[in-house]
Amino acid sequence: MAQSFLKRFNALIPLPRFIAFLAGISLAGQLIVILYNDFSGFYPLQSFSHFLLRLLRGVILTIPAAALIAVPDLLIIRWLNNKLPWNSHVAARIAIQFPVSLALAVTVSVLMTLTADRITPYSEELSLVLLYNALIYSVVNIIMMGVFEAWIFFRSSAEAARKAEALERELSQIRFEMLKSQINPHFMFNSLNVLSGLIEKDVTKAQEFIDEFSQIYRYVLETVEQHTSTLGKELDFMRSYLSLQQMRYGEDLTWSVSVPGNMLGLLLPPLSLQVVLENAIKHNIVNNSRPLHIDFTAREKVLVVSNRLQPRISATRSTGLGLKNLTRRYSLISDRLPQFEVENDHYIAYLPLINPESDESSDN
């Protein structure tokens with residue numbers, strides 16, 4: 001629990017910087033308050049040692065007080081960023097964040113003032129000190145909220161820029177590999193052999209084959225430069241790809257799709273399904289006695305692709321390069337990574353589906 005909290009907290013602001021910020025703001029705040037009270041005559045300084053004593057006492061009390069305000073501030077900002085982001089809920093965000101920050105500041109100020117009074121009673125009237133401190137804490141917390149908002153915004157912007165740069169760099173390295181992988185010589189050779197046979201036997205089917213073949217390579221060329229593609233487009237590609245394979249294997253290769261229509265706009269790396277399908281067909285027996293059925297379902301923003309495990313005896317050992325590259329491409333656009341498991345004699349690929357609003361690269 002504690003590790004999970006620290007991980008989420010560090011995602012907003014690194015803990016060492018946060019502690020340094022609290023120490024700095026506590027020291028600066030105490031200097032301002034002590035000097036103001038001295039110049040105004042509200043609480044004059046008696047000597048330099050008195051100044052140091054008040055400063056030390058104030059900082060020791062202010063750091064935990066600042067933490068009591070700052071930590072909830074960051075949690076509030078994190079919650080509001082998820083529920084009411086600035087770009088679409090400005091009025092609601094202000095209506096909630098402003099009074100919450102004031103209420104938090106007043107609560108902490110009362111708690112810390114009463115604690116300080118118990119340690120060393122104030123010479124002034126306690127109600128006046130409570131009001132005075134509540135005003136100070138409220139102003140400081142509004143400023144602190146603004147600082148945190150700016151800090152998180154610029155940190156998020158820098159992180160987004162870093163990820164975009166890393167994405168471009170990684171994609172530039174794997175684009176050629178991807179394209180070369182999709183234009184697989186074995187696939188090309190087998191496809192042209194099938195086409196040659198169809199031209200002699202069935203011109204209509206040959207034309208259908210050419211249409212599906214062109215759809216596949218049009219999609220490859222269109223998406224090789226993109227970071228993401230929609231599930232709907234991937235499923236269209238899947239149908240074309242499997243239709244070509246079915247002309248080779250006939251009814252020994254079948255598939256079924258059960259995906260809700262409202263999920264077709266979700267995103268995933270382009271040609272993800274080609275990697276999974278090629279893996280299934282390459283490493284499993286597909287014949288009349290052992291037909292291969294591939295099932296596509298979706299749940300909880302995850303596309304599930306499964307087939308019965310019936311490995312080829314003579315199949316060459318898999319390098320897993322295609323699945324590794326797919327995982328690598330996912331890591332550049334999402335924190336959710338694909339998983340590949342064997343369950344109940346079935347090989348299952350779990351491909352996360354990304355919400356377009358949270359995808360940083362969907363516009364590229």
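This is a predicted model: local features need pLDDT of at least 70, side-chain atom pairs count only at pLDDT 80 or more; totals for chains, interfaces and linings use all residues.
Two strands are taken to pair if DSSP finds at least two bridges between them.

The wider setting comes next. The secondary structure of the chain amounts to 10 helices and 7 strands. Of its 364 residues, 39% count as buried. Among contacts with a separation of 6 or more, 72% are between residues 24 or more positions apart. The chain exposes about 20,600 Å², and carbon and sulfur atoms supply 62% of that area.

An open sheet is built from 5 strands in the order 2-4-5-7-6, with mixed pairing. Its edges are strand 2 (253–258) and strand 6 (339–343), each of which pairs on one side only. From one strand to the next, the twist averages 20°. As a general point, strands of a sheet pair through backbone hydrogen bonds, either parallel or antiparallel.

Strand 5 (residues 302–308) pairs with strand 7 (residues 346–352) in the antiparallel sense, over 7 bridges. One of the residue pairs here joins Arg 308 to His 346, its bridge partner in strand 7. Strand 4 and strand 5 also run antiparallel, joined by 6 bridges. The hairpin of strand 4 and strand 5 has 2 residues between the strands, and Glu 300 in this hairpin takes a positive phi near 50°. Is strand 5 mostly covered or mostly open? It is mostly covered, with 6 of its 7 residues buried.

Helices also lie across the sheet. Helix 8 (residues 231–249) lies across strand 2, strand 4 (292–299) and strand 5, and runs at about 160° to strand 2. Helix 10 (residues 321–331) lies across strand 6 and strand 7, at about 25° to strand 7. Arg 329 belongs to helix 10. Is Arg 329 buried or exposed? Arg 329 counts as buried because its relative accessible area is 6%, and buried means under 20%. The C-alpha atom of Arg 329 is separated by 6.7 Å from that of Pro 269, although the two residues are 60 residues apart along the chain.

Attention now turns to the surface. Which residues form a nonpolar patch there? The patch is made of Trp 86, Val 90, Ile 94, Phe 98 and Ile 142, which together have about 440 Å² of accessible area. Helix 4 (residues 90–119) provides the largest share of the patch, 3 residues. Ile 142, by contrast, is found in helix 5 (residues 126–182). The relative accessible area of Ile 142 is 36%, so this residue is partly exposed, a class that lies between the 20% limit for buried and the 50% limit for exposed.

Conventions:
Residues are numbered from 1 along each chain as its sequence is written. Side-chain values use heavy atoms; hydrogens and water are left out. Patches are made of residues with over 30% relative accessible area and no salt bridge: like charges are joined within 9 Å, nonpolar side chains (Val, Leu, Ile, Met, Phe, Trp, Tyr) within 5 Å. Accessible areas come from the Shrake-Rupley method with a 1.4 Å probe; for residues, only the protein chains shown count as cover. A salt bridge is a side-chain nitrogen of Lys or Arg within 4 Å of a carboxyl oxygen of Asp or Glu. Helices (H or I, at least four residues) and strands (E, at least two) are DSSP runs, numbered from the N terminus. Buried means under 20% relative accessible area, exposed over 50%, partly exposed in between (1.4 Å probe, protein chains only). Axes are lines fitted to C-alpha atoms, for helices over the stretch in contact, and angles run from 0 to 180 degrees between N-to-C directions. Contact means heavy atoms within 4.5 Å.
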